[in-house]
Amino acid sequence: MNITFIGGGNMATALIGGMLQQGFAAAGLTVVEPDPAKRDALQQQFGVQTQAAIETGLPACDVILIAVKPQSMKAVAQQLAPHLGKQLIISIAAGIQVNTLATWLGGYTQIVRVMPNTPALVRAGMSGLYAPPDVDTGHRAQAEQIMRAVGQVLWVAQETQIDAITAMSGSGPAYVFYFMEAMMAAGRALGFNDDDARKLTYATFEGAIKLALDSPDDAATLRAKVTSKGGTTEAALHAMEAAGVKQGIDKGIAAANHRGQELGAILGQQ
Ligand SMILES: NC(=O)C1=CN([C@@H]2O[C@H](COP(=O)(O)OP(=O)(O)OC[C@H]3O[C@@H](n4cnc5c(N)ncnc54)[C@H](OP(=O)(O)O)[C@@H]3O)[C@@H](O)[C@H]2O)C=CC1
Ligand SMILES: O=C(O)[C@@H]1CCC=N1
């Protein structure tokens with residue numbers, strides 16, 4: 001499968017890194033990226049081909065994966081439209097609806113909307129996929145094959161669920177890193193140096209997720225097993241509840257979902 005990436009930023013880098021580890025050939029991957037420093041880095045790190053712009057033409061490819069910011073999608077789609085034949089278009093842009101993109105692409109319909117996340121780089125990604133009914137079976141299978149190469153997939157029947165997936169697993173790694181940063185800062189405040197605060201935090205996350213994946217218990221039960229009556233964990237969780245941590249997470253995920261819908265509505269009117 002020959003794949004052309006439009007945009008060689010954070011998410012394209014994560015996808016390419018994961019795909020190469022899974023056996024995709026670098027020779028089959030091209031990245032269109034205007035920034036020469038990013039082009040050099042992609043060539044050196046991954047051995048993929050790069051080019052600066054769409055206007056100079058695209059290599060023959062089966063799939064075009066658009067990985068630019070939502071705000072750049074209209075301009076990119078309009079540049080792409082004259083180059084389309086039978087390729088599968090994969091869009092990973094937050095918020096941008098398939099119908100909007102199809103219009104910008106001059107009525108092209110073979111579009112699968114995907115919401116991946118950066119752990120794709122280590123093939124531990126989570127991707128939501130949505131395709132309207134008129135997308136070919138072969139194109140659906142191609143999209144799934146690419147995303148499965150870098151992690152788990154979840155097809156959804158309603159496009160609005162992609163905004164919800166964006167708010168959960170798309171943005172989700174940032175929430176986890178935010179918690180980790182806070183935990184390491186708290187560790188430093190308790191007197192640990194950077195290395196030890198990092199070790200204690202990373203090992204705790206790794207251990208907790210391994211335990212959760214291997215255990216028949218749900219998260220609430222696993223939490224209860226740590227929480228001795230009248231003990232330290234209970235004191236911590238009471239303090240976190242009082243500080244509104246859970247409400248903050250709830251509000252944060254709702255805000256991400258809302259922002260995805262808002263981006264789609266605002267940019268779709270342009
Ligand atoms: N980062 C993440 O965790 C995730 C991101 N996404 C989605 O992926 C998309 C990309 O995000 P991300 O990788 O973080 O963003 P980045 O800004 O890191 O990457 C986008 C890249 O596209 C380049 N670009 C801009 N215009 C063009 C053009 N006309 N042709 C080719 N390349 C162009 C940008 O160059 P320059 O900077 O010079 O403008 C930039 O290098 C977004 O739509 C986002 O919603 C989805 C899931 C997760
Ligand atoms: O923050 C964003 O908008 C993108 C989409 C999901 C993760 N990053």
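Which residues of E5 are buried on one side, and which on the other? I would like to start there, and then widen the view to the rest of the chain.

Before I answer, please keep in mind that this is a predicted model, in which local features need pLDDT of at least 70 and side-chain atom pairs count only at pLDDT 80 or more, while totals for chains, interfaces and linings use all residues. Residues are numbered from 1 along each chain as its sequence is written, and chains are lettered from A and ligands numbered from 1 in the order in which they are written.

On the predictor's own confidence, the chain averages a pLDDT of 98, and 100% of the residues score at least 70; pLDDT is the confidence in each residue, on a scale from 0 to 100. For the complex, the predictor gives an ipTM of 0.99 and a pTM of 0.97.

Now to the answer: in E5, Leu 88 and Ile 90 are buried on one side, and Ile 89 and Ser 91 are buried on the other, so that both faces are covered. By buried I mean that 20 or more other C-beta atoms lie within 10 Å of the residue's own, whereas exposed means 12 or fewer and partly exposed means in between, with C-beta atoms placed from the backbone. In a regular strand the side chains alternate between the two faces of the sheet.

The chain has 11 helices and eight strands, where helices (H or I, at least four residues) and strands (E, at least two) are DSSP runs numbered from the N terminus. Eight strands form an open sheet with mixed pairing, in the order E3-E2-E1-E4-E5-E6-E7-E8, and two strands are said to pair if DSSP finds at least two bridges between them. Strand E3 (49-51) and strand E8 (151-155) stand at the edges with a single partner strand each, which is why one side of each is left without a neighbour in the sheet. On average, neighbouring strands of this sheet are turned by 25° against each other, direction ignored; the axes behind such angles are lines fitted to C-alpha atoms, for helices over the stretch in contact, and angles run from 0 to 180 degrees between N-to-C directions.

E1 runs parallel to strand E2 (residues 29-32), joined by four bridges, and Phe 5 stands opposite Val 31 in E2. Strand E4 (residues 63-66) likewise runs parallel to strand E5 (residues 88-91), again with four bridges; Ile 64 has Ile 89 as its bridge partner, and Ile 66 has Ser 91.

Next, the ligands. There are 26 residues around ligand 1, and Gly 7, Gly 9, Met 11, Ala 93 and Ala 94 come nearest; here a residue is near a molecule or strand if its C-beta atom, placed from the backbone, lies within 6 Å of it. This shell divides into 14 nonpolar, eight polar and four charged residues, and helix H1 (residues 10-21) gives the most to it, with three residues. Around ligand 2 we find Ala 94, Thr 166, Gly 170 and Ser 171.

Leu 42 is found in helix H2 (residues 36-46) and is buried, because 25 other C-beta atoms lie within 10 Å.

In contrast, helix H10 (residues 232-242) is hardly covered, for among its 11 residues the count of buried ones is zero. After H10 comes Gly 244, whose phi is positive, near 80°. Arg 123, a residue other than glycine, has a positive phi too, near 55°, and its place is in the loop between strand E6 (111-115) and strand E7 (125-130).

Finally, the domain assignment, which is automatic or taken from a database, gives domain 1 (3-156) and domain 2 (172-259). Their C-alpha centres lie 33 Å apart.

How values were computed:
Nonpolar A, V, L, I, M, F, W, Y, C, P; charged D, E, K, R; others polar.
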